[in-house]
Amino acid sequence: MSAPRPPAPLRLILGEEELLVERAVEQVVAEVRAGEPGAELRRYRAADLTPVDLADNLSPSLFAEGRVIVLQSAHEVGKELATAIVEQSADPADGIVLVVLHAGGARNKALADALRKGGAVVTTCNRITRSEERSDFVRSEVRRAGGRIAPAAVGVLIEAVGSDLRELAAAAGQLVADTGGTVDEQAVRRYHRGRAEASGFAVADKVMAGDRAGALEALRWALVLGVAPVLVADALADGVRTLARVGAAGRGDPNRLAGTLGMPPWKVRKAQAQVRAWQPESLAVAFDAAAEVNADVKGAAADAGYALERAVLRICAARESR
């Protein structure tokens, strides 16, 4: 019986969809540790390293232990380090796997191209933005968990949980476990009624509609039930962006605008109804509040809950100042 082939020593993960990128990294680590359980995982923000640091990490250790080196945000590195990554990845030491994470856009594209040309195994993790792609993701997550989902249940689950892939993946897995594998619309509504009412998107919907009391109540419930503040802040930002994009697109047919804007028709229709109550100046204030609270919940503020409450009040006030 032939010995298993060693893992490919150079991996390039392209894209910005965080969940898919993280899974791709986990897959590489699992592959390496299948052959060497004690293999070490080291993560670095690529731009924080020097060529010497990189060389140290890629050099063989005294006892030749396996090692996975992950370089995050490689598209941000300067020319000197980009050259070092390409040169040093061409001849890695035995047992060392270099994983380069690159956003996949035009920035530092030459680095990604050079690594691809150098034989890197490429995994693409493009951001999921279209409703059809998100629906495909839900179906694949249910299959991944060993279940099946009815076509009508897919949209209901997305509307209940929101567009965050981590939440969708968790919800899909939980539904498969709770239902025995067959997920239908009734099951989604039964298991996610409370979750939908307390999600970040429920808070954002009430804010965009100007329901100040309802938004504050939904926010408090969301935080009590453990919804991460960053998800609420993201939902507020998404709500403001959606209103701005739909408002700029005009009063066209939601089904036609959906393809242009990359949103499901129901979301366009809802935003068209909401945006009539907003002035451009009010949306500008809401944009500022959403940007500020996103920074606050990621560490700029001492109390994320208070920062979210302040943002809700500020955005609601902006809508009312017509």
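Visitor: Which residues of α9 are buried?
Guide: This is a predicted model in which local features need pLDDT of at least 70, side-chain atom pairs count only at pLDDT 80 or more, and totals for chains, interfaces and linings use all residues. Residues are numbered from 1 along each chain as its sequence is written, and side-chain values use heavy atoms, without hydrogens and water. With burial taken as under 20% relative accessible area (exposed over 50%, partly exposed in between; 1.4 Å probe, protein chains only), the buried residues of α9, a helix being a DSSP run of H or I of at least four residues, are Gly200, Ala202, Val203, Ala204, Val207 and Met208.

Visitor: Which residue with positive phi follows α9?
Guide: The phi angle in question is near 85 degrees. The residue that carries this angle after α9 is Gly210.

Visitor: Are α9 and α15 roughly parallel or roughly antiparallel?
Guide: Their axes, lines fitted to C-alpha atoms over the stretch in contact, lie 9 Å apart at an angle of about 30 degrees. Val203, Val207 and Met208 of α9 meet Val312, Ile315, Cys316 and Arg319 of α15, contact being heavy atoms within 4.5 Å. Because angles under 35 degrees count as such, α9 and α15 are roughly parallel.

Visitor: What is the relative accessibility of His102?
Guide: His102 is in strand β4 (residues 96-102), a strand being a DSSP run of E of at least two residues. Residues that His102 touches include Leu12, Leu14, Ala74 and Arg107. His102 counts as buried because its relative accessibility is 2%.

Visitor: At what angle do the axes of α5 and α7 cross?
Guide: Helix α5 (residues 131-144) and helix α7 (residues 165-179) have axes that come within 9 Å. Among the residues making the contact are Phe137 and Val138 of α5 and Leu168 and Ala172 of α7. The two helices are therefore oblique to each other, with a crossing angle of roughly 40 degrees.

How values were computed. Axes are lines fitted to C-alpha atoms, for helices over the stretch in contact, and angles run from 0 to 180 degrees between N-to-C directions. Angles under 35 degrees count as roughly parallel, over 145 as roughly antiparallel, 65 to 115 as roughly perpendicular and the rest as oblique. Lists of a residue's contacts leave out its neighbours within four places in sequence.
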